[in-house]
Amino acid sequence: MSDSILAPTPSAVADDRCLAERTVAITGGTGSFGSTMAAHLLRRGVGAVHVLSRDEAKQHDMRVAFADERLRFFLGDVRDRESVAAAFVGADHVFHAAALKQVPSCEFFPLQAVQTNVLGSHNVIEAAHAAGVASVVCLSTDKAVHPINAMGQSKALMEKTAQAFARQHPGSATVVSITRYGNVMYSRGSVIPLFVRQIAEGVPMTLTDPAMTRFLMSLGESVDLVEHAFERAVPGDLFVRKAPACTMQTLAQSVAALLGVPDHPIQVIGTRHGEKQHETLLSREEMTSALDEGDYYRVPVDARSMEYSLYFEEGDQGAVRRTDYTSENTVRMDVEQTVELLRTLPEFAHLNGAAR
Ligand SMILES: O=c1ccn([C@@H]2O[C@H](COP(=O)(O)OP(=O)(O)O[C@H]3O[C@H](CO)[C@H](O)[C@H](O)[C@H]3O)[C@@H](O)[C@H]2O)c(=O)[nH]1
């Protein structure tokens with residue numbers, strides 16, 4: 001499907017993808033991804049970064065920490081189209097990171113997940129289209145593939161919303177694409193900082209399932225992925241970055257080894273509600289049309305939308321030969337490799353030079 005009739009070739013759109021002097025809006029701009037991306041863009045010489053977010057305190061902190069006049073702050077919510085439109089005035093590009101992304105909260109309040117992740121994303125795409133924005137990259141998650149929880153299900157619908165826009169607006173100047181990534185190491189509230197805290201407090205590390213696996217990615221790699229999509233996407237493209245994985249047993253042992261307490265006790269607590277044993281970055285159907293771009297896979301949008309016969313009458317022989325791309329069958333790291341990977345994180349930088 002790479003020669004989709006909808007899609008200009010990457011080289012045809014590449015001129016639009018210049019960042020110097022451009023204005024980039026980031027929804028969820030004060031979050032971990034948003035603020036890392038903002039810093040990256042400022043280093044790249046953008047003209048302005050519009051930060052859209054709900055939390056005035058975080059905006060204040062970011063304004064003080066960055067002290068850069070090219071940053072402009074917009075209080076608002078992706079649920080409120082007017083506030084989104086205000087942040088997109090003059091924007092050339094949009095990175096859409098705003099989301100409800102905690103599995104338990106989305107599970108308890110699924111309609112809140114729909115409002116932010118689905119309808120909010122629709123607002124972002126429509127507002128970008130109306131403002132003549134050249135490109136929108138929507139951030140998704142591996143939990144959107146074969147989703148079993150409301151967070152993943154709402155993100156899957158966000159993906160469909162983005163792809164439907166690409167199909168329905170073949171002539172639009174706005175290129176909408178999607179990136180999907182797995183667990184970001186050391187992100188707020190995630191398992192690595194939890195293990196570190198448990199070790200510091202002298203209590204056992206709580207392990208859900210020793211055999212459970214997760215893709216591991218750094219925040220910097222998630223920025224690279226979004227930039228890769230930004231530079232190369234044709235409408236409706238979905239990108240993932242190839243990533244290694246490890247078991248939770250390996251991860252716990254690696255954090256303990258890195259902190260110099262390899263025998264720190266581990267307590268197995270069992271799988272949490274709404275949690276899979278292994279995550280999937282690309283389904284086998286997506287793998288069938290995925291293009292290998294070195295460190296990345298690109299999955300062109302399935303442009304068959306209006307031809308119902310292609311959905312219901314013609315099968316796809318390719319799919320039977322492929323398998324999902326999962327945290328179970330990707331490159332599997334052992335403790336030594338995981339320790340080396342963890343060592344590259346800024347949060348563990350102070351340990352470098354210490355005894356290995
Ligand atoms: O006490 C714990 C807590 C978690 N885990 C395990 O550690 C892994 C990672 O758990 P996290 O809570 O760090 O991350 P999740 O996979 O649950 O989800 C996270 O990553 C997602 C991306 O896939 C989303 O970003 C989501 O918001 C974010 O919470 C899982 O296998 C989990 O079972 C433990 O072993 N012990």
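Predicted model: local features only at pLDDT ≥ 70, side-chain atom pairs only at ≥ 80, totals over all residues.

Colleague: What joins Arg-298 to Glu-293?

Modeller: Side chains of opposite charge can pair when their charged atoms come close. In this case Arg-298 and Glu-293 form a salt bridge, and their closest N and O atoms lie 2.9 Å apart. Glu-293 has a relative accessible area of 18% and counts as buried because the cut-off is under 20%.

Colleague: With which other residue does Arg-232 form a salt bridge?

Modeller: Arg-232 is paired with Glu-293, with 3.4 Å between the closest N and O atoms. Arg-232 is partly exposed, at 35% relative accessible area.

Colleague: How many salt bridges does a search of the whole structure find?

Modeller: The search finds 15 salt bridges. One of them joins Glu-340 and Arg-343, where the closest N and O atoms are 3.6 Å apart.

Colleague: Why are Glu-340 and Arg-343 separated by about one helical turn?

Modeller: Glu-340 and Arg-343 are separated by about one helical turn because they stand three residues apart in helix 13 (residues 335–343). Glu-340 is partly exposed, with a relative accessible area of 37%, whereas Arg-343 is buried, at 8% relative accessibility. Elsewhere, salt bridges that share partners join Arg-232, Asp-237, Glu-293 and Arg-298 into one network.

Colleague: Which residues gather in a patch of positive charge on the surface?

Modeller: The patch of positive charge on the surface consists of Arg-54, Lys-58, Arg-79, Lys-101 and Arg-188. Among them, Lys-58 is found in helix 3 (residues 56–66).

Colleague: Let us turn to the cysteines. How many disulfides does the count give?

Modeller: A disulfide is a covalent bond between the sulfur atoms of two cysteines. Here the count is zero disulfides.

Colleague: Is Cys-246 buried or exposed, and what is the relative accessible area of Cys-18?

Modeller: Cys-246 is buried, at 0% relative accessibility. Cys-18 has a relative accessible area of 33% and is therefore partly exposed.

Methods. Residues numbered from 1 in each chain as written. Heavy atoms only, no water. Patch = residues over 30% accessible without salt bridge, like charges linked within 9 Å, V, L, I, M, F, W, Y side chains within 5 Å. Areas by Shrake-Rupley, 256 points an atom, 1.4 Å probe, with all protein chains shown as cover. Salt bridge = Lys/Arg side-chain N within 4 Å of Asp/Glu carboxyl O. Lys, Arg positive; Asp, Glu negative; His and termini not counted. Charge placed at Lys NZ, Arg CZ, Asp CG, Glu CD. Helix = DSSP H or I, 4+ residues; strand = E, 2+ residues; numbered from the N terminus. Disulfide = S-S within 2.5 Å. Buried < 20%, exposed > 50% of the residue type's maximum accessible area, 1.4 Å probe, protein only.
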